[in-house]
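Visitor: I have a new model to look over before I plan my reading. Could you walk me through it?

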Amino acid sequence: MKKYLILSILFLSQNILFSQNINVTKEALQSFKNKFPDATEAKWDREGKDEFEVSFILNGNKGSANFSKNGAWIESETTVLEKDLAAGFLDNFKKNKKGAVITNIFQVIRADNKNYYEIECIYNKRKKEFKVDLSGNLI
């Protein structure tokens with residue numbers, strides 16, 4: 001009986017946790033609308049105490065962006081197809097991570113101009129993420 005009680009409590013607490021509304025500031029909402037006016041399917045989450053992350057669809061591609069509670073844009077990630085990268089861009093990555101199977105590539109644009117690509121892949125039978133600079137070098 002204790003087992004069922006504990007499982008019920010865990011299930012109830014999980015539902016409460018995931019059903020909480022995210023109170024996005026009007027500044028963050030407005031900044032998002034200004035920066036990505038054509039974005040659809042926006043879903044907001046908290047990214048720490050003073051930051052929000054919004055996932056969205058833009059021009060048929062998945063993307064996300066982070067904004068401070070004051071509305072300052074921090075960074076955005078957009079999906080990039082391997083065929084859309086410059087010829088040879090991934091050569092260094094593939095040389096250093098032999099056997100990696102790329103599942104997603106994101107271009108990360110940051111407000112501080114420390115831009116890079118994030119490569120999600122299966123490497124050594126595990127899901128991994130690697131950062132690659134704009135020249136194709138592992139960071």
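Predicted model: local features only at pLDDT ≥ 70, side-chain atom pairs only at ≥ 80, totals over all residues.

Visitor: How many bridges join β5 to β6?
Guide: The two strands run antiparallel. Within this pairing, V108 stands opposite Y116 in β6. The hairpin of β5 and β6 has five residues between the strands, and N113 takes a positive phi near 65° there. The number of bridges that join β5 to β6 is seven.

Visitor: Which residue stands opposite T78 in β5?
Guide: β4 and β5 pair in the antiparallel sense over five bridges. In β5, the residue opposite T78 is Q107.

Visitor: What is the bridge partner of Y123 in β7?
Guide: β6 and β7 run antiparallel, joined by seven bridges. In β7, Y123 has as its bridge partner R126.

Visitor: How far apart in sequence are the parts that K69 and D50 tie together?
Guide: K69 and D50 form a salt bridge, with their closest N and O atoms 3.4 Å apart. K69 lies in the loop between β3 and β4 (73-79), and D50 in the loop between β1 and β2, so the pair ties together parts of the chain separated by 19 residues.

Visitor: Is D50 buried, partly exposed or exposed?
Guide: Buried means under 20% relative accessible area, and exposed means over 50%. D50 has a relative accessible area of 37%, so D50 is partly exposed.

Visitor: Is E75 buried or exposed?
Guide: E75 meets R110 in a salt bridge of 3.1 Å, N to O. R110 lies in strand β5 (residues 101-110) and E75 in strand β4, so the pair ties together parts that are 35 residues apart in sequence. R110 is partly exposed, at 24% relative accessible area. For E75 the value is 12%, which means that E75 is buried.

Visitor: Which residues are linked with R110 in a network of salt bridges?
Guide: A search of the whole structure finds five salt bridges. One of them joins D112 to R110, with the closest N and O atoms 2.8 Å apart. R110 also forms a salt bridge with E75. The residues linked with R110 are E75 and D112.

Visitor: Which element gives the most to the lining of the largest pocket?
Guide: About 240 Å³ of space lies in this pocket. Of its 13 lining residues, the closest to the centre are S55, F56, K62, G63 and S64. The elements that give two or more residues to the lining are β1 (40-46), β2 (51-58), β3 (61-68) and β6 (116-123). The most, four residues, comes from β2.

Visitor: How many residues of the lining of the largest pocket are charged?
Guide: The lining divides into three classes of residue. Three residues are nonpolar and three are polar. The charged residues number seven.

Definitions and conventions: Residues numbered from 1 in each chain as written. Heavy atoms only, no water. 1 Å grid on protein atoms, 1.4 Å probe; cavity = no way out; pocket = protein on both sides within 12 Å on 5 of 7 lines; lining within 4 Å. Points joined across faces, edges and corners; volume = space filled by probe spheres on them. Nonpolar A, V, L, I, M, F, W, Y, C, P; charged D, E, K, R; others polar. Salt bridge = Lys/Arg side-chain N within 4 Å of Asp/Glu carboxyl O. Buried < 20%, exposed > 50% of the residue type's maximum accessible area, 1.4 Å probe, protein only. Pairing = 2+ DSSP bridges.
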